[in-house]
Amino acid sequence: MSESQERLHHRHLEQAREQIIDLLTRQAVERELVSRSEGNSRQDVVAQLVARQQQAQLEQKLAQLHPADVAFILESLPPDAREAAWGLVRPERRGAVLLEINEAVLRALLGDMRPEEIAAVVRHLDSDDIAELLTELPEELSQEVLVRLDRDDQAEVRSVLSFPENSVGSMMDLDFLSVREDASLEAVLRLLRRQKSLPPEINQLIVMDRGGHLRGVLSLEQLLLSEPEREVKDVMTADPTYFYTGDAIADAVTAFEKYDLISAPVVNLHKQVVGRITVDAVVDAINERAQSESLRQVGLSEEEDLFAPAMESAKNRWPWLALNLLTAFVASRVIGAFEGIIVQLVALAALMPMVASIGGNTGNQTVALVIRGLALNQLGPTQLRKMFSKEFTIATVNGSLWGSVLGLATLALYHQWPLALVIAAAVLLNLWVAAAAGVLIPLTLQRFGRDPVMGSSVLLTACTDSMGFFIFLALAAVFLV
C-alpha cells in the first residue's frame with residue numbers, strides 16, 4: 001500500500017469511527033429521553049423504530065469493515081461505547097476481530113463473556129488462533145472454554161499450548177499440505193485439485209517420508225513449471241530452511257527477514273513435521289515486539305488500555321516514577337555538593353543542563369544499537385569489542401567537535417577562556433561516559449535476566465545527568481575557583 005493510499009485508508013477509518021460514535025451517542029440520548037417521557041405509547045413505538053434503524057445502520061457499517069479495521073475502531077472507543085459496538089459485531093466475525101485487537105482491549109472484551117460465549121466465538125477459528133486467544137485468559141477460564149470446543153480442536157489447541165510462550169511451536173500453523181517424495185508431480189496436482197481450499201500464505205508443499213520426517217519442500221513454481229511425469233524428489237528443494245518447535249521466535253524473525261521467506265516447516269526433535277510458520281505470524285510478532293518495546297522504553301505496559309481507569313494507569317506508572325525520582329535526587333545531591341562553586345560562578349548553573357543533555361542523547365543512540373544487536377544475536381565477544389571501540393571513537397569525534405562549538409559559544413557569551421575550555425572538556429568526557437554506559441547498561445540488564453529495553457533509558461539518563469554534572473562542576477572547582 002502506497003503512502004497516499006495509507007493516508008486515504010486511515011482517513012476513511014477516522015470517518016467510520018466518527019459515524020459510529022455519532023450513532024452510539026444519538027442512541028444513548030434517545031434512550032435517555034424515552035426513559036424520562038411519561039409513557040406515551042406512540043412516542044415509545046417511534047423511539048423503538050428509530051433505535052432499530054440506528055442499530056441496523058451500525059451493524060451494516062461494522063459488517064462492511066475488515067476485522068482489523070473493526071478492531072482499530074473498538075480500541076479507539078471509550079469502554080461504554082466499545083461494549084455497545086462490540087454487541088453489534090456479527091457472531092461469526094467476532095473471532096477474526098479478536099485476533100486483531102490489542103491485549104488490553106481483548107482481555108476486557110473476553111472478561112465480560114461467559115465461557116460458552118467465548119467458545120462459540122472462537123469455534124470458527126483455526127486451532128493455532130484459538131490457542132493464541134486462550135493464552136490471554138486466566139487459566140481457569142481458559143480451561144472452561146477449552147472443554148467446550150470440538151474434540152479435534154481440543155487436541156490441536158492443547159498441542160499448541162504445550163509449547164513455551166516465546167517459542168516457534170507456540171505460533172506455528174497446524175494447517176499445511178504434505179506430499180511424498182516418490183509421488184509424481186501429476187499426482188500432486190490431482191491432490192491439490194481435490195482440496196476444497198488451500199491454506200493461507202501457501203507457497204510450497206512440505207515433502208515427508210512415510211514416518212513424517214522432513215525430506216524437503218516443493219514450491220508451487222517447481223510444481224507448475226516442471227514436467228508432470230517427474231517425481232517430487234527430482235525437483236524439490238532438499239535442504240530447506242526449517243525450525244524446531246523449541247526455537248525462539250526471534251530466531252524465526254531473523255531468518256524470515258534474512259532469507260525473504262513466506263513459510264517454513266516446523267519439526268519436532270525427531271525431525272518429524274508438526275506444522276509450519278508463516279510470514280503473517282512473523283509480521284505479527286515483529287509488530288507486537290515493536291509496540292511493546294516502544295512502551296517499555298518509557299516504563300509503560302503493553303497491557304494498558306488507552307481508556308483504562310485513571311487510578312489503574314497511575315498505579316502502573318508508580319514504580320518508574322519512583323525510580324526516576326530517585327535518580328533525580330542523586331543528580332540533585334551532586335549539584336548540592338558544588339553549591340558553593342555555583343554561587344561564585346552563576347554561569348555554571350546555565351551551562352550544566354547542556355552537558356547532561358548532549359550526553360543523554362548520545363547514550364540513547366548507543367543503547368538503541370546495543371538492544372538491536374542483542375535482539376538479533378549479533379553481539380558476540382569479538383563484535384562487542386568492535387562496537388565498544390567504534391562507539392568510543394564516535395564519542396571522541398563528536399565530543400571534540402561539539403565540545404569546541406559549545407566552548408566557542410560560551411566564550412562569546414561570558415568572555416572567559418577557562419570556562420570555555422572547561423565546558424568543552426566536560427562535553428568530551430561526558431560523551432565517553434555516555435558511550436560506555438550505553439553499551440554496559442543493556443548488557444548488564446540482560447546478564448541478570450532483565451529485559452534490556454525496560455529500564456535502560458532511565459538508568460542511562462541517571463548516569464549521564466549525574467556524571468555530566470559531576471564532571472563539569474569538578475573541572476570548574478579545579479580550574480575556575
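**Notes on the predicted model: cavity, pocket, salt bridges and loops**

1. Start with the lining of the largest cavity: its residues split into six nonpolar, two polar and one charged. Residues are numbered from 1 along each chain as its sequence is written, and side-chain values use heavy atoms, with hydrogens and water left out.

2. Who lines that cavity? The residues are Phe176, Leu177, Ile202, Gln204, Ile206, Ser263, Ala264, Pro265 and Arg276. Strand E2 (204-208) and E5 are the elements that give two or more residues to this lining, and E5 gives the most, with three residues. The space inside is about 50 Å³, and the count comes to one cavity of 30 Å³ or more. The cavity here is a set of points on a 1 Å grid over the protein atoms alone where a 1.4 Å probe fits but cannot get out; a pocket is an open set with protein on both sides within 12 Å along at least five of seven lines, and lining residues have an atom within 4 Å of a point. Grid points are joined across faces, edges and corners, and the volume is the space filled by probe spheres set on the points.

3. Now the second largest pocket, with a volume of about 200 Å³. Of its 12 lining residues, Pro79, Glu83, Ala108, Leu109 and Asp112 are the closest to its centre. Helix H4 (79-86) and helix H6 (103-111) are the elements that give two or more residues to the lining, with H4 supplying the largest share, five residues. The make-up of this lining is five nonpolar, no polar and seven charged.

4. For the overall picture, the protein chain has 21 helices and six strands. These are DSSP runs numbered from the N terminus, helices being H or I with at least four residues and strands E with at least two. Of its 481 residues, 41% count as buried; buried means under 20% relative accessible area, exposed over 50%, and partly exposed in between (1.4 Å probe, protein chains only). Among contacts in the chain with a separation of 6 or more, 67% come from residues 24 or more positions apart, a contact being heavy atoms within 4.5 Å. The chain exposes about 26900 Å², with carbon and sulfur atoms supplying 55% of it; accessible areas come from the Shrake-Rupley method with a 1.4 Å probe, and for residues only the protein chains shown count as cover.

5. How many salt bridges does a search of the whole structure find? It finds eight, where a salt bridge is a side-chain nitrogen of Lys or Arg within 4 Å of a carboxyl oxygen of Asp or Glu. Arg114, Glu116, Glu117 and Arg148 are linked in a network of them. Arginine 114 pairs with glutamate 116, their closest N and O atoms 2.9 Å apart. Arginine 148 also meets glutamate 116, at 3.8 Å from N to O. Arginine 148 sits in the loop between helix H9 (139-146) and helix H10 (151-161) and glutamate 116 in helix H7 (residues 115-122), so this pair ties together parts that are 32 residues apart in sequence. Arginine 114 is partly exposed at 47% relative accessibility, and glutamate 116 is partly exposed at 36%.

6. Another salt bridge joins arginine 190 and glutamate 186, with the closest N and O atoms 3.8 Å apart. Why are they about one helical turn apart? Because they are four residues apart in helix H11 (residues 185-193). Arginine 190 is partly exposed at 43%, and glutamate 186 is partly exposed at 41%.

7. Lysine 271, in the loop between E5 and E6, has a phi near 65 degrees, a positive value in a residue other than glycine. Histidine 270 is found in the loop between strand E5 (263-267) and strand E6 (273-278), and its C-alpha atom is 7.6 Å from that of histidine 213, 57 residues apart along the chain. Histidine 270 is exposed at 57% relative accessibility, whereas lysine 271 is partly exposed at 31%. Histidine 415, in the loop between helix H19 (381-414) and helix H20 (417-447), has a positive phi too, near 55 degrees, and is exposed at 65%.

Terms used:
This is a predicted model: local features need pLDDT of at least 70, side-chain atom pairs count only at pLDDT 80 or more; totals for chains, interfaces and linings use all residues. Ala, Val, Leu, Ile, Met, Phe, Trp, Tyr, Cys and Pro count as nonpolar, Asp, Glu, Lys and Arg as charged, and the others, Gly among them, as polar.
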